[in-house]
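Here's a quick look around a protein model, written for someone seeing it for the first time. Let's start with the charged side chains.

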Amino acid sequence: MSTAPTAPPAPTAPAPTAPGPSGATPGPSGSAPEREPLSSKHARRFGLPVATALVMGNIIGGGIFLLPASVAPFGTISLLAFGVLTLGAIALALVFGKLARRLPQTGGPYVYARAAFGDFAGFLAAWSYWITAWVSNAALAVAAVGYLDVIVPVHESTLATIAAALAFQWLPGLANLAGTRYVGAVQIVATVLKFVPLILVAVGGFFFFDPDNLGPFQASGGSALGAVSASAAILLFSYLGVESAAVSAGEVRDPRRNVGRATVLGTLGAAAVYLLGTLSVFGTVAHDRLVGSTAPFSDATNIMFGGSWGGVAVAVMAMVSILGALNGWTLLSAQAPYAAARDGLFPKAFTVKRRGVPTVGVVVTVALASLLTVYNYTAGTEGVFEMLVLVTTFTATVPYLLSTAAQIQFLLSGRSDQVSKARLARDGVLALAAFGFSLWLVAGAGYAAVYQGVLFLFGGVLVYAVMAARKGRGAARDAENPEG
């Protein structure tokens, strides 16, 4: 038996309802906690290692294999942008840890936004997060096919390309449908297989490190601040996923303790891989060659070990990396609508849960990502797909802004007389830093992405209007018939 997490009964409450004797939170209106029967064979709550792997696996997808070449035109000053982004991501991770301690329930940003600002803010957080997840899944699958083509020339046939992309999406989907036990197992295996070769390249590259390969500190010719901001705009998407453990808090054992730790450990681990890997490639591959490289880790591997097998090895690493990211993002993409649906803000079908996984959410998410993928390969207009990918940069930051704002609201509306001023000031500064970091992410997305993202975001207002009307009618019927 496992307790199904619920959102707090009063949307404006600054703190969660006290847990019952079993550790469950009461349902809406103070009712007894709802329990969801889970098969002990297939459903299993995540411990700290799996939760950490979920965070690391979702932050590091396929982008790590292109990042060194993407930021090389700015020079080694781009490493400074990495550092700034890392500090911001850690601040955001710490805030999510504190929010999860306050509200340890499945849904993450949705739960925090709804608790602080009401149903509409909660819906916007869930809606924008859901858009981010399934559009990103489509992009990841397309990237995976690109790496597969290095080994098997699938791009020679449109049908084969589509089939491969759909396979990359549905294999993690089936792993999710098999239960949380298998999600965790796949995530651990994918994370290990992904990080072992990445760390080998990152560490091994220092034995072949040549400072002459680094090139100029600032290669763009503009101001130092402009170079940092420009390279950060490219790198900002690399840290999306710091909220992974918070979104799945209901499936994490002892979430008040483990979510915060997993979030910080996962973010630090991902940052270490990013920084070491990029610096290693910078020092291994000559700057002029790196700027035009389409496979920087392959080039570094070929220099380190000789031969031309590096491209195949990196392609395998990339596919494993992307499969791990798809596995984790598929679970997360179903968690936010599941939590919103339990509160009547998403269609009720999204509450269906089997073996610890919101099955309808998984199927709908993978189906939407599949349709988008097929459209990308058949419409012949890559610009539309690229625009949708850029939109995810904006939509992902909406839950971040709402979550950090919720933390600020909780701090300001709480009992300050019961909290030391030093601790209150520290948490306040941390929340403000995370909020500023989130705003920076929005700015880095660019005007076009923000414009299109706002259209996507407010397209959900119609959905909210319908669901709010249904919820209102249901509440009115309950008021007329209090005895059922």
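## A charged network

K98, R426 and D427 are tied together in a network of salt bridges, where a salt bridge means a side-chain nitrogen of Lys or Arg within 4 Å of a carboxyl oxygen of Asp or Glu. Within it, D427 pairs with R426, their closest N and O atoms being 3.3 Å apart. D427 counts as buried because its relative accessibility is 8%, and buried means under 20% relative accessible area, exposed over 50%, partly exposed in between (1.4 Å probe, protein chains only). R426, at 49%, is partly exposed.

This is a predicted model, so local features need pLDDT of at least 70, side-chain atom pairs count only at pLDDT 80 or more, and totals for chains, interfaces and linings use all residues. Residues are numbered from 1 along each chain as its sequence is written, and side-chain values use heavy atoms, with hydrogens and water left out.

## Other salt bridges

The whole structure has five salt bridges. One of them joins R114 to D119, with the closest N and O atoms 2.8 Å apart; both residues are buried.

Another brings R289 and D299 together (3.6 Å, N to O). That pair links distant parts of the chain, ten residues apart: R289 sits in helix α11 (residues 287–291) and D299 in helix α12 (residues 296–305). Helices here are DSSP runs (H or I, at least four residues), numbered from the N terminus. R289 is partly exposed at 45%, whereas D299 is buried at 13%.

Notes: Helix = DSSP H or I, 4+ residues; strand = E, 2+ residues; numbered from the N terminus.
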